[in-house]
Amino acid sequence: MRADAVRPDATLSINEYAVINSQNDDFAIQYRDLIQSLLAAGAPIDRIGIQAHIARNDITKEDIIRRLDILAETGLPIEISEFDMRDDADTPQLNAAEQERMFRAILEASFAHPSVDGFIMWGVWDKVHWRCNAPLFDSDWNVKPLSLIHISEPTRLGMISYAV
C-alpha cells in the first residue's frame, strides 16, 4: 500500500545524511541526480530532507549554501531534518568555538535560503541526546552559550521544530 493512499495529504520526503557533513559537493550532486531520476520515474517526492548530524569542523556557511543551491535545482522544498553536532568517542570533537560557528552558519544559511522551509533540531537536552551533545541545554538544563545564537535569530524562527 502506498503512503499517499493511506494519507493523501501527507508530505512525502526523501531524507539523506552526508549532504552537508561532507568534505566537498560530490554527495550533494549525487543526491540531486538521484532525486531528479526518481522524480522522472514518477516517484511521489514532495520535499528533500537533509540530515545534518555535523561532525566536521571545516564546513563553512558558503559550503552549506552551495549544497542547498545544488538541491534546490530539483524545484522541491528542503528541510534540515536532523540538526545536531557530534560529541562522542567515534570522531574528533568539535570544540565549543567550532560548534558555535557551525550552529550560526547552518542557521543563517537555512533561514536565508528560499528553498528551505523547515529546520528540525535533533534533541535539545544533553542528558537524553543520543550523542550527549544537544544544541540548546546541557545535562543540568543550563542554557548553552551557543544556543543564544538560536534565541537571537528571530528570522523565520517558526520554521524550527524540536525532536526530543
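A residue counts as buried when its relative accessible area is under 20%, as exposed when that area is over 50%, and as partly exposed in between, with a 1.4 Å probe and protein chains only. Q51, at 18% relative accessibility, is therefore buried. The structure is a predicted model, in which local features need pLDDT of at least 70 and side-chain atom pairs count only at pLDDT 80 or more, while totals for chains, interfaces and linings use all residues. Residues are numbered from 1 along each chain as its sequence is written, and side-chain values use heavy atoms, with hydrogens and water left out.

**Terms for the elements and their packing**

- Helices (H or I, at least four residues) and strands (E, at least two) are DSSP runs, and they are numbered from the N terminus.
- Two packed helices are described by the angle between their axes and the distance between the axes.
- The axes are lines fitted to C-alpha atoms, for helices over the stretch in contact, and the angles run from 0 to 180 degrees between N-to-C directions.

**Helix α2 against helix α3**

- Helix α2 covers residues 26-40 and helix α3 covers residues 61-72, and their axes come within 9 Å and cross at roughly 15°.
- The two helices, α2 and α3, are therefore roughly parallel to each other, given that angles under 35 degrees count as roughly parallel, over 145 as roughly antiparallel, 65 to 115 as roughly perpendicular and the rest as oblique.

**Helix α3 against helix α4**

- The axes of α3 and α4 are 9 Å apart, and the two helices pack at an angle of about 35°.
- From α3, the residues K61, I64, I65 and L68 meet M102, A105, I106, E108 and A109 in α4.
- By class, this contact of α3 with α4 has seven nonpolar, no polar and two charged residues.

**K61 and A105 in that contact**

- K61, in helix α3, is partly exposed with a relative accessible area of 29%, and, leaving aside neighbours within four places in sequence, K61 is in contact with A105, E108 and A109.
- K61 and R104 are 43 residues apart in sequence, and their C-alpha atoms are 8.4 Å apart in space.
- A105, in helix α4, is buried with a relative accessible area of 6%, and, with neighbours within four places in sequence set aside, A105 is in contact with K61 and I64.
- From C-alpha to C-alpha, A105 and K61 are 4.6 Å apart in space, although they are 44 residues apart in sequence.

**Salt bridges**

- A salt bridge is a side-chain nitrogen of Lys or Arg within 4 Å of a carboxyl oxygen of Asp or Glu, and by this rule the count comes to ten.
- R32 and D33 meet through their side chains in a salt bridge of 2.9 Å, N to O; R32 is buried at 13% relative accessible area, whereas D33 is partly exposed at 38%.
- R32 also forms a salt bridge with E73, with the closest N and O atoms 2.9 Å apart.
- E73 lies in the loop between α3 and β3 (78-85) and R32 in helix α2, so this pair ties together parts that are 41 residues apart in sequence.
- The side chains of E108 and K61 meet in a salt bridge of 3.2 Å, N to O, and this pair links distant parts of the chain, with E108 in helix α4 (residues 96-112) and K61 in helix α3, 47 residues apart.
- E108 counts as partly exposed, at 25% relative accessibility.
- Salt bridges that share partners join D25, D63, R66 and R67 into one network.

**The surroundings of Q51**

- Q51 lies in strand β2, which covers residues 47-54.
- Not counting residues up to four places away in sequence, Q51 touches N15, E16, Y17, S81 and E82.

Key: Contact means heavy atoms within 4.5 Å. Ala, Val, Leu, Ile, Met, Phe, Trp, Tyr, Cys and Pro count as nonpolar, Asp, Glu, Lys and Arg as charged, and the others, Gly among them, as polar.
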